[in-house]
Every structure is written in C-alpha cells, then in structure tokens.
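My plan is to look up a few things one at a time and jot down what turns up.

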Amino acid sequence: MPHVITQSCCGDGSCVYACPVNCIHPSPDEPGFGTAEMLHIDPDACVDCGACVTACPVGAIVADTRLAAAQLPFVDINAAYYPPRPAGAKVPPTTKLAPVLPAPRPERGGLTVAVVGSGPAGMYAADELLTQARVRVNVFDALPTPYGLVRAGVAPDHPRTKAITGLFDRMSRRDGFRFYLNVTVGQHISHDELLEHHHAVLYTVGAAHERRLDVEGMHLPGTGSATELVGWINGDPRFAGLPVDLNHPTAVVIGNGNVALDVARILTTDPEQLAATDISDAALAALRTSAVREVVVAARRGPAESAFTLPELIGLTTGSHVVLDEADRVLVRADLLAAQDPVTRAKLEVLAALPGADAGADAEPGRRRIRLAYRLTPTRVLGADRAEGVQFRRTGGEETVRLDAGLVLTSIGYRGRPVAGLPFDDAAGVVPNVGGRVVDPVTGRPVAGAYVAGWIKRGPTGFIGTNKSCAMQTVAALVGDFNDGRLVDPVRRAALLDKLIRARQPDLVDAAGWRAIDDAERSQGAGEGRPRVKFTTVADLVAAAQSRRSPRRGGGHRGGGHRGGGHMDRIASWISS
Ligand code: NAP
C-alpha cells in the first residue's frame, strides 16, 4: 500500500532524500519545488518502505491504510500530481535518485558565524554550516525562546507542524552550536561587534510585522491584525497583554491567505478542543466566553485567486463549518469552468462542495461558522468610537457592500523591517541580496560579511521547509566567500563574546536555559493533558530558564512583556469595549 503526504507537509524535502525509489516530487532539483503547495508521493512507484515516514519532521506522511477520515482527500491530491496511468499500473523502480547537493566544505578550519534569528531559516542555516567539522555557529534571538514563528506563528491546533521543533532541538545539540537567547542584536551587541567575533553575520530575522491596510478607520478600537492575534493566541510575550474583545457576534478577516484561515478557524473552534493544545491560557479563557458566531474571510479577488493553499483549505473544510453565499457559489462555478491549473481546479472543487450560507442554519442554530467571501475590496472601517463593520467596493464594479462586525482583522501578509547597519529595499520589505549575499543597491557590491536567509531575504512566502533550500543557498555563498578569502578573520577571541554579552544582558538565556523553560512548560502541560503550558512574559521565561523550579503560573511578573513602547501602541488600536 502506498504512503500519502498530508496537510502538515512542510516542504523541506527530507522525505525526498530518504526515498529509495525517488517517488516523491517535486524534488529540490526540479522546477516548482519552491512554489509547490506540498510534495506528493507517486502511488504507482511507492514501494511502501516507510523510509519517508521516519524522515519527515512533521508527521505528514501516513500509510494509506492508516489515514484518518479528514486525510482521505490527500490520496487523490498525491496521485493527481502524476500523469494518469492504467489501473494497477506500476512504475518500475528507478536507480536515478534525487541528486543530493554536496554541503559546502570550508577549505580551512575555524569558520565562525553569527546567525541572528532562531526561526526555521536560522536553524536550517546553522545545521547546514555545522555539517562540516571545526565550524562554530552562535544563534541569537531577541526572545528568551527559540524557533520564531514555529512557536509564535503556527496555530496551536497544528501540533504536527509544531513538531518540527524536535528537529530543531536536535540541530541545537550539534557540536559547535550555541544559543544566545533574550539578546537583541542592535541593542545588546552591534553588527560591527558581531563581526569582530565572527567571520560573517547571517540575518534570518524574518518578516514578523504585519502589512498595514491603508484605509480610513483602521485606527479604531476593534481593529487589529491577524499577526498580532496569532501572537496572542500563541502566548508570544510581545502580544500577551493584547486586549482582544470577542463580545460581538461577527468578525471580519480581510485577506484569505493561510494566516486568515488559521485565525478564522481558531475563532470558531470549540474552545474545549483548543484546551488540549498549547494555546495561551489568556486566549483560551477569552475564547471560552467569546460571543463570535461568524467569521467572514473577505478576499478582494475571486475564488480562483484564493491565497490559501489546497492542504489548508482541506484541513479547514473537514474540521470547521464553512459556508458560501449564493453569489459566491456562482463565482466558484464560473471559475471552475475556466480553471486549467490542477491545483486551482482542486481548490474550486472543494469550494463548490461547501454548503450555502442559508443551508442548515435551523438545524444547528448558533453553531460557529466561517464564511468565505469574494470580490470585496475594503474601502473603510465603519464606526465612530469603535469598529462597527467594514465597507467594501465590489471588485471590478461600483457596488458598495457593508458587513457589520465588532472585530476587524487584517490578514494581508507580513512585512520585513530594516536591519540596523544593512541596506533595505523598502518596496519589497527585504534586505537587498544576491543569493543571500547582502548587496549595496547603489554600488551593486556585496556588503562584506553580511548574509540573509528566509523571509528577510526573499519576502514572506512559502512554508517552514522552504527555508531549508533558501538557507542552503546562502550558506553555499558564505562558505564560498570564506574559501576565497573574502571574509575577515575575527579579531577577538571566542571566549570574550560570552563575557561581553553576559555583562550587557545578565538575563541571557543559553541552551541549558531554553531546555529548562521547555521542561517546565512540558511538565506543566503534562499535568493538564496538554503538550505544554506556555510562559507568556519575558520575566516568567527568564525565571524558568534560571531555575529548574518552575515559577508560579501567572505569578508576580505582570508587565513582564517587554519592550513596552511599540507594544502599547499596538494595544491602543485594539478594543477595550
Ligand atoms: P498571503 O498568503 O500572502 O495572503 C495575503 C492575502 O492578503 C491575500 O488574500 C491578498 O490578496 C490579501 N491582500 C493583500 N493586500 C491587500 C489589500 N490591500 N487589500 C485586501 N487584501 C489584500 O499571506 P499570509 O496569509 O500572511 O501568509 C504568508 C505566508 O505564510 C504564505 O506563504 C502562507 O502560505 C504561509 N503560511 C503557511 C501556513 C501553513 O502552511 N499552514 C500557515 C500560515 C502561513 P491578493 O491575493 O489579491 O493579493
């Protein structure tokens, strides 16, 4: 029986290299690898050895006899990637395996690199560097916890995706790897100081800020961004105090990417299901008393241009109550007639099977639901003292559409911020680079010793695993420059770095500190049947890092959420009804 790749596919390609018959595509050397919404197992070529299951860091691969009901649609999605074949046809095993790119090999020992940002791009970059002997990598993060958006951005009801932290934990135990957490580059140590201690600085700082929607009324209480809400749901200390008001029956999410689906799903899921996840206690308490009954996900374009991916749409529609208005069902049917691309067709078929917004309402009164809505271009948020709704223009027409809502969230993508000391492309929200080498946009010359990977390099697109090939490209450039003598040897001894940072940041969290946090959170969770219970203030996290005894939950450290100013500004735009 063949194996099947399911919703949580991270796309990092580990399964491709584990497969002895090269039946998983697109492989990293093939066109479409970086843009495909997931990888696919060829059911006629799979020899059912299960090697891919072991290699997959997110538990996405399942034998077809063991699929849960909600995973069954993935049988056809995997098969549809391959050409149609006669029933029962078998593809002969191949000896032509996916080519493994050789890891770049420093030609002399002693390469030392600072990686700034411990999300997926930073971890994959560190791992790639540490495949070679006598390399040292110091990974910095402003938060006391590592792994970036895997901890703070992936929805809590996606535990398989979050399981990639197991892989990152293993990477962090490699010889030569060090964590400097709770350390802000640009505040506790400058770029130039990092270069005195390392051959190169590789920035993997992501694009953790929301893109702002520039329409009237976005300052009103009751407005906010999905990015902030996701941070609050995940117990990110920067958003722990967000005053989210769920006292109104309708919420509107503007934009229909995967983040919009995450937010809509969490707002409409039975809180008792979420109680078994690592959702923040504050978010769970708010959701338990939430009055939200409908979340409208409003896209400015049509169904065929939906930004969400097929795996996430399937996950949503198999687990949540999702409906379409009759006018949108008409749009779906029209798009389906015209669609050529198989992934778009598959999405439209899922949409076409959704119930109408009026169907079944009487059978399940009050059931929370999500309505996908199309061709709505936002023109203003309505309301005098707080958000009362959104006014849209029908895209491509003049009709005005009003949706009443007490909560208006924008989910129109992330945006990178300038990195101190590096050039910045303000239009694209990235650091200008060629293959990961930072370049000065005026002279076109590389900025010595500066590199980027992940969203700050290529913009906020793709999945967790996309960062692997992205990081590998940057590391190849960096090691090439080291071998060619283009990187300056550090002028200061390695031991001095620790001393310098500890003097400036006594609350530095190292690998042992992170493990203490991790253990404390997990053991709190075990008592409640949850994967972990998160500490949500910097003070509690630091206390947990510094002591094996876990601090009292919710105890003592109010206001520990750090770097107050910007946070308070953001909070001000939220409701306190
Ligand atoms: P996204 O996929 O880029 O979607 C952005 C949405 O905002 C689109 O619907 C876009 O519409 C809309 N938009 C942009 N500007 C707008 C404007 N001025 N007015 C109205 N709508 C506007 O962004 P995202 O959802 O933040 O996701 C970011 C990346 O993370 C994506 O690659 C996503 O797949 C990934 N991600 C993956 C997962 C997962 O795999 N589970 C979960 C979360 C995020 P147009 O298409 O018309 O521009």
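This is a predicted model: local features need pLDDT of at least 70, side-chain atom pairs count only at pLDDT 80 or more; totals for chains, interfaces and linings use all residues.

Entry 1, a strand pair.

I wanted to know which strands form the open sheet, and in what order. There are six, arranged E10-E18-E11-E12-E14-E13, with parallel pairing. At the edges I found strand E10 (223-225) and strand E13 (322-324); each has a single partner strand, so one side of each has no neighbour in the sheet. From one strand to the next, the twist averages 25 degrees. I also noted a helix on the sheet: H9 (residues 226-233) packs there and touches E10 and E18. The direction of H9 makes about 75 degrees with that of E10.

Which residues have the most contacts inside the largest nonpolar core? I get Ile24, Leu351 and Leu372, in a core of 118 residues. I followed up on Leu351. Another core lies apart from the largest one; it has 20 residues, including Ala114, Val201, Leu422 and Val452.

I checked which residues of H3 (residues 73-80) are buried, and the list is Phe74, Ile77 and Asn78. Looking down the axis of H3, I see these buried residues fall within an arc of 95 degrees, so they line one face of the helix. Asp76 and Ala80, on the other side of H3, are exposed. What covers the buried residues? Among the covering elements are strand E1 (3-5), strand E3 (40-41) and helix H13 (310-319).

I looked into why with two cysteines. For Cys19, the closest cysteine sulfur is in Cys23, 3.7 Å away, and the cut-off is within 2.5 Å, so that is too far for a bond. For Cys49, the closest is in Cys52 at 6.1 Å, also too far for a bond. Is each of these two buried or exposed? Cys19 is buried, at 7% relative accessibility, while Cys49 is partly exposed, at 48%.

Definitions and conventions:
Residues are numbered from 1 along each chain as its sequence is written. Side-chain values use heavy atoms; hydrogens and water are left out. Buried means under 20% relative accessible area, exposed over 50%, partly exposed in between (1.4 Å probe, protein chains only). Helices (H or I, at least four residues) and strands (E, at least two) are DSSP runs, numbered from the N terminus. The arc is that of the directions from the helix axis to the C-beta atoms. Contact means heavy atoms within 4.5 Å. A nonpolar core is a set of buried Ala, Val, Leu, Ile, Met, Phe, Trp, Tyr and Cys residues joined through side-chain atoms within 4.5 Å. Two strands pair if DSSP finds at least two bridges between them. Axes are lines fitted to C-alpha atoms, for helices over the stretch in contact, and angles run from 0 to 180 degrees between N-to-C directions.
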